[in-house]
Amino acid sequence: MTTEITPEFIQGLPKAELHLHIEGTLEPELKLELAKRNKVDIGQSTIEEVRQAYQYDDLASFLAVYYPAMQVLQQEQDFYDLAFSYLRRAAENNVRHVEIFFDPQAHTSRDISFETVISGLHRAIVDARALNVDAELIMCFLRDFSKESARKTLLEAMPYKDWIIGVGLDSDEHNNPPLKFARQYEDAAAAGMHLTAHCDIDQKDSIDHIRQALEIMGVERIDHGTNIVEDPDLVDFVVNHQVGLTSCPLSNSFVRPQMKGEEILQLLSKGAKICINSDDPAYFGGYINDNYYALADQFNLTQQQVIQLARNSFEASWISDEKKALYLAEIDEYVAKH
Ligand SMILES: [Zn+2]
């Protein structure tokens with residue numbers, strides 16, 4: 001098929017989102033509203049001022065803007081509003097299933113209780129069923145915090161483990177390898193949680209980190225991870241073991257103008273379960289459909305390739321085989337109509 005990909009085609013395509021940080025969906029409008037609600041001085045009072053502060057060109061400069069903004073999140077209702085606003089957007093983007101990252105330590109470290117955070121997020125997920133979006137939570141450890149702090153966080157999570165489908169690893173990767181958290185991953189797996197980890201693009205030890213995550217820690221997905229193309233053996237490994245790779249073209253484009261498009265297509269053609277996601281959409285200029293379209297437009301994707309990316313998003317997800325079959329059938333039905 002060589003039909004040109006339109007935003008309308010992408011809009012209607014059923015898809016899953018597997019790489020989405022809920023804190024990264026905090027839009028300027030909600031940020032200002034919550035600042036007012038909780039009487040937090042964020043140093044900005046208009047949407048333009050908030051947007052002007054969004055200056056970053058690598059992971060470290062992004063995180064320096066990202067974490068301070070979370071000060072406005074204080075009460076259970078704030079976390080509910082944050083998650084529900086995103087889930088409404090997800091429904092508008094025809095996201096049928098989403099596995100949402102949240103960073104408890106970014107909140108508990110400023111004396112917001114774990115319970116406050118997860119109760120608000122969970123309540124929004126329950127309410128979003130009415131929007132026809134099914135959602136799960138993935139708890140991320142902040143890799144630039146100590147493993148002691150990760151251990152404590154996992155203990156705090158245990159009473160809520162039925163609300164948490166898996167654990168992940170995010171924040172500043174520099175000198176913070178996956179292996180630092182090997183024990184916490186073992187404990188999380190023993191508690192029945194799925195495993196994923198960020199291996200951000202073009203890090204100092206990208207290949208080493210990918211290898212640790214895959215071969216030692218047994219992760220089922222890697223978030224980003226496109227540097228894997230530099231190591232054909234590891235590419236074979238993810239293809240053979242059907243390890244998901246969750247790529248985010250628009251956030252990549254803040255660091256690399258080519259948004260790692262060549263790498264994404266190379267992995268797709270080799271049969272890797274790579275999919276497209278929005279990462280921190282309020283900060284990187286677009287939700288999931290914008291990410292699909294940016295990639296399709298810049299790299300002239302065929303309809304077949306776009307459909308495969310959407311199929312991969314369900315296949316790499318942590319839903320039951322029965323649910324996967326239902327969603328894949330929805331894709332087939334949609335494609336048949338086009
Ligand atoms: Zn991410």
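Me: Which residue does Arg-123 meet in a salt bridge?
Reply: The side chain of Arg-123 meets that of Glu-76, at 2.8 Å from N to O. A salt bridge here is a side-chain nitrogen of Lys or Arg within 4 Å of a carboxyl oxygen of Asp or Glu. Bear in mind that this is a predicted model: local features need pLDDT of at least 70, side-chain atom pairs count only at pLDDT 80 or more, and totals for chains, interfaces and linings use all residues. Residues are numbered from 1 along each chain as its sequence is written, and side-chain values use heavy atoms, with hydrogens and water left out.

Me: Where do those two sit in the chain?
Reply: Arg-123 is in helix H7 (residues 114-127) and Glu-76 is in helix H5, so to speak distant parts of the chain, 47 residues apart. Helices (H or I, at least four residues) and strands (E, at least two) are DSSP runs, numbered from the N terminus.

Me: How many salt bridges does the structure hold?
Reply: It holds 18. One of them joins the side chains of Asp-81 and Arg-37, at 2.7 Å from N to O. That pair links distant parts of the chain, with Asp-81 in helix H5 (residues 76-92) and Arg-37 in helix H2 (residues 28-37), 44 residues apart. Asp-81 is buried at 15% relative accessible area, while Arg-37 is partly exposed at 31%.

Me: Which residues are linked with Asp-81 in a network?
Reply: Glu-33, Arg-37 and Asp-78 are linked with Asp-81 in a network of salt bridges.

Me: OK, new topic. What coordinates the zinc ion?
Reply: His-19 (NE2), His-21 (NE2), His-198 (NE2) and Asp-279 (OD) do, at 2.1 to 2.4 Å. Donors are N, O and S atoms within 2.8 Å of the metal (3.2 Å for Na, K and Ca), and water is not among the atoms, so sites may look incomplete.

Me: Why is the arrangement irregular?
Reply: The four donor atoms subtend angles of 82 to 173° around the zinc ion, and that makes the arrangement irregular. Four donors count as tetrahedral if all angles lie between 85 and 135 degrees; four count as square planar and six as octahedral if opposite donors are over 155 degrees apart and all others between 65 and 115; anything else is irregular.

Me: How are the donor residues spaced in sequence?
Reply: The pattern is H-x1-H-x176-H-x80-D. His-19 is buried, at 0% relative accessibility, and His-21 is buried at 4%.

Me: What about the sheet, what order do the strands have?
Reply: This is an open sheet of eight strands, ordered E1-E2-E3-E4-E5-E6-E7-E8, with parallel pairing. Two strands pair if DSSP finds at least two bridges between them. Strand E1 (15-21) and strand E8 (273-276) stand at the edges with a single partner strand each, so one side of each has no neighbour in the sheet. Neighbouring strands are turned by 25° against each other on average, direction ignored. Axes are lines fitted to C-alpha atoms, for helices over the stretch in contact, and angles run from 0 to 180 degrees between N-to-C directions.

Me: How many bridges do E6 and E7 pair over?
Reply: Strand E6 (residues 221-224) and strand E7 (residues 244-247) pair over three bridges, in the parallel sense. The bridge partner of Arg-221 in E7 is Gly-244.

Me: Last one: where is Met-139?
Reply: Met-139 is in strand E3 and is buried, at 0% relative accessibility. Met-139 lies 6.4 Å from Gly-166, C-alpha to C-alpha, though they are 27 residues apart in sequence. Not counting residues up to four places away in sequence, Met-139 touches several others, including Phe-102, Pro-104 and Leu-154. Contact means heavy atoms within 4.5 Å.

Note on methods: Buried means under 20% relative accessible area, exposed over 50%, partly exposed in between (1.4 Å probe, protein chains only).
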